[in-house]
Every structure is written in structure tokens, then in C-alpha cells.
Amino acid sequence: MAVALKDLAPSPLDGYTGLSDAECDARIRAAKAQLGDRLLILGHHYQRDEVFQFADISGDSLKLSAEAAKSDAEFIVFCGVHFMAEVADILTRDDQQVVLPDLAAGCSMADMANLRNVRRAWDELSQVIDPDETVTPVTYINSAADLKAFCGDHGGIVCTSTNAKGVLEWSFSQREKVLFFPDQHLGRNTGYGMGIPLDDMVTWDFDKPMGGLTEDEIKRAKIILWKGFCSVHQMFMPQHVEKFRKDVPGGKVISHPENNFEVCQASDYVGSTEFILKTVRAAEPGTHWLVGTELNLVNRLHDEMAPKGVKVQFMSPMVCMCSTMFRTDPQHLAWALESLVAGEVVNQIQVEPKTAASAKYALDKMLEITA
Ligand code: CIZ
Ligand code: SF4
């Protein structure tokens, strides 16, 4: 096989890939100490332990971005995925620089919607209805900045898994229908919880003309759900819940709303990562919980709650780890931090100003109505 010359070019990371985690730990600690208050490291709940241990603040994407916006740090190193670093860049001041240690840390769900296929959907919908008059576009925070900007420019809004219900209520106060992207499950689970029947929610297949829907289906729908999903959460099945119910009578089941409808219906509680942590942390000793969300979060919660007599069990017998979250390793973190010490900002995430302004409009609207 021919090898392209560019593949042989030295990478700035070459000196780091061979380092052991222990060597990286020492170097990360030293770089952190040198940068002091100039640096803020944010760690998402789904990050692996080797990286999570260095976070100054941990949380979900929104909490982390809000913390970044409040901080005076010059450098914000986001141990999470690309869309989160974009939100942090949008919400922070211009003199703060946001760094994503590995640029390949994306989100496969976010990638299922892009400006091209959302614009096409909007155009196709306009052959049947007037979307600018009748549809509020709602994007889950797990989406690229240009989609948040699309929402900002079309009377729409952003939501997170914590505030999806409030955002949908606001959306329906604006226009009679919602186009919800990219996660069909968050949209369906939230809509159903608000009393919208399943028949009033249709799924837009972005690979098919007119979303694979008939004119009548589009006209009758309350929510048009983009056919996106999270490859990690789709691994959880109703059978996992059924088995747990048989094995552990009286056990509690808690799910993330990115799980499919059947799993959420079979659960006792459904909510965001922050909600899951809050609920299980408040549980009585002697209780046993089945948790349907990413493995790193569940493992840490297990270790935290075991001494308190609360048992935490992962929902699937298979390992469901977010492979893109996993990309941020101690080697990339050491490289990003040592580069900052040396005066070089690597992997800076900068959203183009016009896109950032429209996206911020949609984000601010969310923050206003759910505050
Ligand atoms: O917004 C986040 O951080 C994600 C991806 C999930 C959640 O429920 O917190
Ligand atoms: Fe995206 Fe799913 Fe990973 Fe979250 S867990 S970052 S939704 S792929």
C-alpha cells in the first residue's frame, strides 16, 4: 500500500504517544502548577478516570460552559467533545481561549445532523407547510455550532437533556410544530412525557426525500423527530430492565433520555447526567440501582456509593463506552498543557463570529426561559 508523504511527517504529538500514563500524570501536574489561575480544566461526566482526575470542575456540557463563562481563566481546556468546546467558546469572552486536547473527539450523534441536511429538510417542509410560520426548530446541545445558529436565525432554540421539557413548552408557545434534531429519543421521550401521543410524533429520515414522510403525516405532526441517536445509549434494551426487575425485586431503574422509548418507559426515573447523579447520591442505604448511561459515569458512581451502602449497576451486560469521549487521554492532555506552558495554544476551538452570534442567540434564549 502506498504511504502518503504527509503520513510520515512528524506530529507534534510524537513525543507524547510513547509516554506512560504515570509519566503523563507527573507532567500534567507540573504544567497545571505552572499555569495556575490562568488555566481551567473542565471534565465531562463521561470522561475516563485517567483524565477526569485532573478536572477543576466536572459536570454536564451546559454546567461546564456556564462555569467557563464565569471564570477568569485565560485558557479553558475542555475534556469533553467538540460541540461542548464550541459552546464554551461561544459563551466565554473573546480573550479566553478554549482548547480541545484531541480534535477527533466528536460526537457521532451530533454528526447525524448537519447544516446541509437540516437546510434541505427545511426546504422540503416548505413544499408542504410554511415552516417559518409553523415550525420551531429545536436543536439538542449535542450539535454543531452552525445548527445552533440555524435555530437562532429561524426563531428556534437549543435544549439540553435537563431542560428539554421547558424548551418544548416555550417552542409550542411560539409555533404549532417542532422540528427536533438530532436525537429522536430525547425528543420522543420528552414529548410523550408532556402528553403528546406517539402518533403525533413522526420520524424524519434524513436519507430519504421528504424525510420518508407523506404530506399528510407532516401536516398532522406536532413534533418532527430527526432520525438521529446515540450509539452508546442505543445499546440499552428493555430486556436489560426486565432481567433486573426479576433479579432484584424492589430495585430502582434510572435512564438517560437518549435511551429508546421502551427503555425509558420501563424505567422509574428518566433524566440527564446531572439528574442521575443527584438522584442516586440522595438514595437510601440498602437500595440497588440499575443505571442506563455511559460506563465511566456509572463506574465512578458505583465506587462513590458503595461505601454508603447503595448498589449501582450498569444497565447493559456489554461495555457501552463513548469512544469519542475516550479519545481524550493523558497523552493529549499533557501535550495540550505543556504547549500552553511553552506559549503555544494548540487545538483552539474558535467558532466563526457570525455563526457564534446566531448560536448565542439560541443558547441565551434557552438560558432565559429555563433559568
Ligand atoms: O449535555 C451533556 O453533557 C450530555 C451529553 C448529557 C447529559 O445528560 O448531561
Ligand atoms: Fe455523543 Fe453519545 Fe458520546 Fe454523548 S455518549 S458524546 S451523545 S456519542
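# Packing, pairing and burial

Guide: Helix α15 (residues 273-281) lies across β10, β11, β12 and β13, running at about 160° to β10. The model is predicted: local features need pLDDT of at least 70, side-chain atom pairs count only at pLDDT 80 or more, and totals for chains, interfaces and linings use all residues. Residues are numbered from 1 along each chain as written, chains are lettered from A and ligands numbered from 1 in written order, and side-chain values use heavy atoms, without hydrogens and water.

Visitor: What makes a stretch such as α15 (residues 273-281) a helix?

Guide: Helices are DSSP runs of H or I with at least four residues, and strands are runs of E with at least two, numbered from the N terminus. Axes are lines fitted to C-alpha atoms, for helices over the stretch in contact, with angles from 0 to 180 degrees between N-to-C directions.

Visitor: Which residues of α15 are buried, and what covers them?

Guide: Thr 273, Ile 276, Leu 277, Thr 279 and Val 280 are buried (under 20% relative accessible area; exposed is over 50%, partly exposed in between; 1.4 Å probe, protein chains only). Their cover includes β10, β11, β12, α16 and β13.

Visitor: Why are β11 and β13 called edge strands?

Guide: Take the sheet order: β11-β10-β12-β13, open, with parallel pairing. β11 (269-270) and β13 (311-314) each have a single partner strand, so one side of each lacks a neighbour in the sheet.

Visitor: What makes β10 and β12 a pair?

Guide: Pairing needs at least two DSSP bridges. β10 (residues 252-255) and β12 (residues 288-292) have four, in the parallel sense. Val 253 stands opposite Leu 290 in β12. Helix α13 (residues 238-247) packs on this sheet too, touching β10, β12 and β13, at about 175° to β12.

Visitor: Why is β12 described as mostly covered?

Guide: Five of its five residues are buried. On one side these are His 288, Leu 290 and Gly 292; on the other, Trp 289 and Val 291.

Visitor: How many bridges join β12 to β13, and what hand is the crossover between them?

Guide: Four bridges join the two parallel strands. Val 291 has Phe 314 as its bridge partner in β13. The chain passes from β12 through helix α16 (residues 295-305) to β13, a right-handed β-α-β crossover. Right-handed means a clockwise path from first strand over helix to second, with the strands pointing away from the viewer.

Visitor: Why are α7 and α9 called roughly parallel?

Guide: α7 (residues 115-125) and α9 (residues 145-153) pack at about 25°, with axes 9 Å apart. Under 35 degrees counts as roughly parallel (over 145 roughly antiparallel, 65 to 115 roughly perpendicular, the rest oblique), so α7 is roughly parallel to α9. Leu 115, Val 118, Arg 119 and Trp 122 in α7 meet Asp 146, Leu 147 and Phe 150 in α9.

Visitor: How do you know that Lys 148 is buried?

Guide: Its relative accessible area is 1%, so Lys 148 falls under the limit for buried. Lys 148 belongs to α9. Beyond neighbours within four places in sequence, its contacts include Phe 83, Ile 141, Val 158 and Ala 362 (contact: heavy atoms within 4.5 Å). Lys 148 and Ala 362 are 214 residues apart in sequence, yet 6.4 Å apart C-alpha to C-alpha.
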